[in-house]
Amino acid sequence: MLALTLAVAVPSAAAALPAPPPGAPGVPGGGAPADEADRSPGVLAAAHEAAAEGIDWRRCPAAERLPSPVECGTVRVPVDYARPRGERIRLTVSRMPATGPARARQGALVYNPGGPGGNGMSFPLYGKQVGGVYKRLNAAYDLIGYAPRGVGRSAPLSCQDPKEFWRGPNPSPVHPSEAFKQRKRERARSYAEGCARAQGDRLRHYTTPNNARDLDVLRAALGERRLNFLGVSYGTYIGSVYATLFPGHVRRLVLDSVVDPSPHNIWYRANLDQNLGFERRWNDWKKWTAKHDDVYGLGRTARQVQSRFDAARASVARSPAGGTVGPKELLNAFLDTGYSDTAWPRHAEALARFGKGDERPLVKLAAPDPSKAVSEENGNAVYNAVECGDAPWPRDWPTWDRDNTASAAVAPFETWDNAWMNLPCAYWKTPSSRPLEVRTTPGQLPPVLLVAATRDGATPYSGALETRRRLAGSSLVTERGAGQHGVTGGNRCVDAHVERYLLTGKVPGDRADCAPRPEPRPDGARARTVPTSNSRAAR
C-alpha cells in the first residue's frame, strides 16, 4: 500500500554461494552438525540454482490479496534435500522494495510470523499498515514475506476436508469423560491416517531443519550473501536452527518471542509448558477485566470474572450461540487474550453483552468463518506435520492422560484443547526426527538480538534465556511485566533496540530491559501494533 515504489533490480547470481564441489557429503534427513549441513550438496545445489534463476517479481496474484506496489514471485526448493534433483516445489514470496535512497539500502529483510503453519506473505504491508519501526526499516530494507513449504500456495498441505475441520459447534468439557477421551483418540488416529494417505512420502519432509534449508535457498534467490531475518514465535526456532546449520550465512538475526530450542523441549514438553503460560495470561486478563468492573460489570475479582465465563461456557454447551459457537469455539476465541492484550477490551465487552442477552458480539468474535476454512485447515495440517515430524512424541495414551490430567489441575483454561490438537502426533505415520542440538560457539555468529516479554504465554520467557545460552554472543531485550506475544511493533523501547540493531548491527550488550507498554484502555482505544504471531501453536 505504500504510495512510492522504488525500482530495485534483482541482484545477480554472482552474489550467491558457489556451486557445490563434486563428492561433497550428503544431507541427513534430520538435524546435522553445522559444518556438515553447511557444505552439503543438496542445499548448495538448490541455492546455486536459485541464485542463477533469481526471482521473477511480478504483480501479485489475486489470491494473495496484496495490492501494488507489493510484488510476488516463487523460489524452487527440493522436497528432499538428500535428492536435490528429485521432486521440487515452489515457495511463494512477496516483496515491498526499500523506499529510501539506494545508498542507504541494506538488502532484504525476510520475515516468518510463526506457527508452524503461519503465512508471512502480508509482511511487506507492515511498513504502511503498522508503520513505526517497520516503516523506518522499509526505508533501508526490502521487506520480504514468504509462505513456508506446505503453507498457502507453497505446495499446500491438506489432511482432511476443510469443511469438516472448520465445522461448529464443538464440545470442550472441563473434565472430559473416558468416553470423550476415547472419541478424541479415534479422531486423532483417523486424522494422522488421513495425512499419510493425502501426502504420502512427502509428509516426512515437513520439518524445521528443512524449513531452515529452504530459508537459505530463499537467501540465495534474493541475491544475498548473508541473511537478514526477523522470526516471531515458531519463526524463532527456524532462526535458531538456521543459525546452527548456517552460521556463516547470518548477517542480522532478530528472534522475537523465543521458543526454547532444547531438544527435550521440542515439542511435547513445549506444549505442556504453554498450558501454564496461558493460564498466567488468562489470569492477567481476568484481573484487568475485574479492575474495570464499572465498564463491563463482570465482577470485581478475577474469581467473579471466571464465574461469568464459566456461565457463558455452560450456556453455549446447552444452546450454541448463533447455532455455531459451542464451548470449543468460545475457548478458541478467548485464547486470543493470551496472545495480545489489545484483544482484552473487545473480549470483555463480548462476554458482558452475552451475559445481558446479546449474543451478537460473541458470535462475531467466535463463530467459524467458512471463508477461512481452507486456510485454517491448511495451517493446522502444516502445524501437525512439522511438530509431529520434528521430534519423538509419546505413543501411549496413558502418558498423555497422566501428563495432561496433571496439567489441567493447575492450568485448566487451555490444557485439554491443546492436548486434542497435538494428539495426532501419538499416531503419526512417518518416523520422527531427532531434534537438532541448537548451539553455536563464540565467534561463529555475528551478534544476534533476542526479544521477549516476561509474561508471554505462547513462548514462556525461559525459552529466551535458554536460547541466549545456546547462541553464543546473543543479546536479550526484555519487556518486563508484559505478556505480548510478538513484542516488536508496540513498545518504543524495544522497537528502538530492534531498529538500531537492524540498521547498524549494534546490540545493547548482554541484555537490556524495557518497561511494559501501557495496559489497554477499556474503550479499546490504543495505538496500532503489529498483528500477533500465528496463534496455531496452542490451538
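How do α9 and α14 lie relative to each other, roughly parallel or roughly perpendicular? Keep in mind that this is a predicted model. Start with the axes. Helix α9 covers residues 268-291, and helix α14 covers residues 344-355. Their axes come within 11 Å and cross at roughly 70°. Angles of 65 to 115 degrees count as roughly perpendicular. So α9 and α14 are roughly perpendicular to each other. The crossing is right-handed.

Who touches whom? From α9 we have Arg 281, Asp 284, Trp 285, Trp 288 and Thr 289. They meet Trp 344, Pro 345, His 347, Ala 348 and Leu 351 in α14. By class, this contact has six nonpolar, two polar and two charged residues.

Next pair. Helix α2, residues 41-53, packs with helix α7, residues 208-221. Here the axes come within 7 Å and cross at roughly 30°. That makes α2 roughly parallel to α7. This crossing is right-handed. On the α2 side, the contact uses Val 43, Ala 46, Ala 47, Ala 50 and Ala 51. On the α7 side, look for residues including Arg 213, Asp 216 and Val 217. The class count is eight nonpolar, no polar and three charged residues.

Now the cores. The largest nonpolar core has 114 residues. Val 75, Val 110, Leu 215 and Leu 218 have the most contacts inside it. Helix α8, residues 234-245, gives the largest share, seven residues. A second, separate core has 28 residues, among them Phe 309 and Leu 335.

Last stop, Val 110. Beyond its close sequence neighbours, its contacts include Ile 144, Tyr 146, Leu 215 and Phe 229.

Definitions and conventions
Residues numbered from 1 in each chain as written. Predicted model: local features only at pLDDT ≥ 70, side-chain atom pairs only at ≥ 80, totals over all residues. Heavy atoms only, no water. Core = buried A, V, L, I, M, F, W, Y, C linked by side-chain atoms within 4.5 Å. Buried < 20%, exposed > 50% of the residue type's maximum accessible area, 1.4 Å probe, protein only. Helix = DSSP H or I, 4+ residues; strand = E, 2+ residues; numbered from the N terminus. Contact = heavy atoms within 4.5 Å. Axes fitted to C-alpha atoms, helices over the stretch in contact; angles between N-to-C directions. Parallel < 35°, antiparallel > 145°, perpendicular 65-115°, else oblique. Left-handed = near helix turned anticlockwise from the far one by under 90°. Nonpolar A, V, L, I, M, F, W, Y, C, P; charged D, E, K, R; others polar. Lists of a residue's contacts leave out its neighbours within four places in sequence.
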